[in-house]
Amino acid sequence: MKNKEGQQSLQDSLTGLPEWASERIMQQIRQLTNYEPAIGIMGKTGAGKSSLCNALFASEVSPVSDVMACTREPLRFRLQVGERFMTLVDLPGVGESDARDNEYAALYRDQLPRLDLVLWLIKADDRALVTDEHFYQQVIGEAYRHKVLFVISQSDKAEPGSGGDKLSTEQKQNISHKICLLHELFQPVHPVCAISVRLQWGVRVMAERMIRCLPREASSSVVAQLQHSFRTDAVNKKARDDFGETVGSVLDTVSSMPLIPAPIRAIIQAARDTVVSVARAVWSFFF
Ligand SMILES: Nc1nc2c(ncn2[C@@H]2O[C@H](COP(=O)(O)OP(=O)(O)O)[C@@H](O)[C@H]2O)c(=O)[nH]1
Ligand SMILES: [Mg+2]
């Protein structure tokens, strides 16, 4: 119902426009509010992929496994909150076997264009990163670097592990070193995050970074899937800003279409700020 109210407000803010223009804009806004984002999650078996997804997202994602199970095909999970959906693609980890890495490369090349973001988990005590680096250079390459967010997982297992319920100073130092190492190794576009799902450490910051890394048109739809505790003010603000800007660019696109008479162009441009404000105001009706 809220959704309808939001749409009505946006529709009202477009009344000065010719019907064809307002319909076109509304259609694109509907696409935005129904956007089904896709997030890939990669890392070796046991890196903590399922645990992180279960911690981050409101719907149950998948059973957490202790057993060594190898994923050859990407497993897809469809999350649902209300009428909104998101897809998680559990990508098989690289560096587990050379023979399979070729298959994996093909699989990744197929998946990457369709993913809004890839969370790449590296376990805090995993030192075998040569294959990861090779894979990052060869398969992810320049084209998709901006889609990768590295996450050091299970930080509570960093040396010297104690099994306690807090990270020690030494552990935090070692995690900082690991972050630096990953920056040198991968030269990632986005800053490397570190988390411990077991200790609920770093996950909120990681969730915020994830929202920041997403394409503008995807952030709100991902926020809608987050556990309530990760929907912080910063997260909601970023998503609301993104939604406003995306709606603004919808108007820009329509007004710059060829063959539009100059007066109509001017009307669309004049309405822009109002429509963007309305979009921001009704954001929570949609997400
Ligand atoms: N100590 C610790 N264990 C974790 C953490 N996250 C996950 N695990 C455990 O690591 C194992 C593998 O986790 P899982 O999420 O199934 O990994 P996946 O194979 O990458 O999906 C499970 O026994 C989890 O309980 C963490 O932050 N700290
Ligand atoms: Mg798993």
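The following conversation concerns a predicted model.

User: What conventions apply here?
Analyst: Residues are numbered from 1 along each chain as its sequence is written, and chains are lettered from A and ligands numbered from 1 in the order in which they are written. In this predicted model, local features need pLDDT of at least 70, side-chain atom pairs count only at pLDDT 80 or more, and totals for chains, interfaces and linings use all residues.

User: Which residues of helix 1 are buried?
Analyst: They are G6, L10 and S13. A residue is buried if 20 or more other C-beta atoms lie within 10 Å of its own, exposed if 12 or fewer, and partly exposed in between, with C-beta atoms placed from the backbone. Helices are DSSP runs (H or I, at least four residues), and strands are runs of E (at least two), numbered from the N terminus.

User: And which exposed residues are on the face turned away from the buried side of helix 1?
Analyst: That face carries K4, E5, Q8 and D12.

User: What do the buried residues of helix 1 pack against?
Analyst: They pack against helix 2 (19-33), helix 10 (262-281) and helix 11 (283-286); contact requires C-beta atoms, placed from the backbone, within 7 Å.

User: Changing topic, where is P113?
Analyst: P113 is in the loop between helix 4 (98-111) and strand 4 (117-123).

User: Why does P113 count as exposed?
Analyst: Because P113 has 9 C-beta neighbours inside 10 Å.

User: Which residues come nearest to ligand 1?
Analyst: Of the 17 residues around ligand 1, the nearest are G48, K49, S50, S51 and R198. A residue is near if its C-beta atom, placed from the backbone, lies within 6 Å of the molecule.

Conventions. Contact = placed C-beta atoms within 7 Å.
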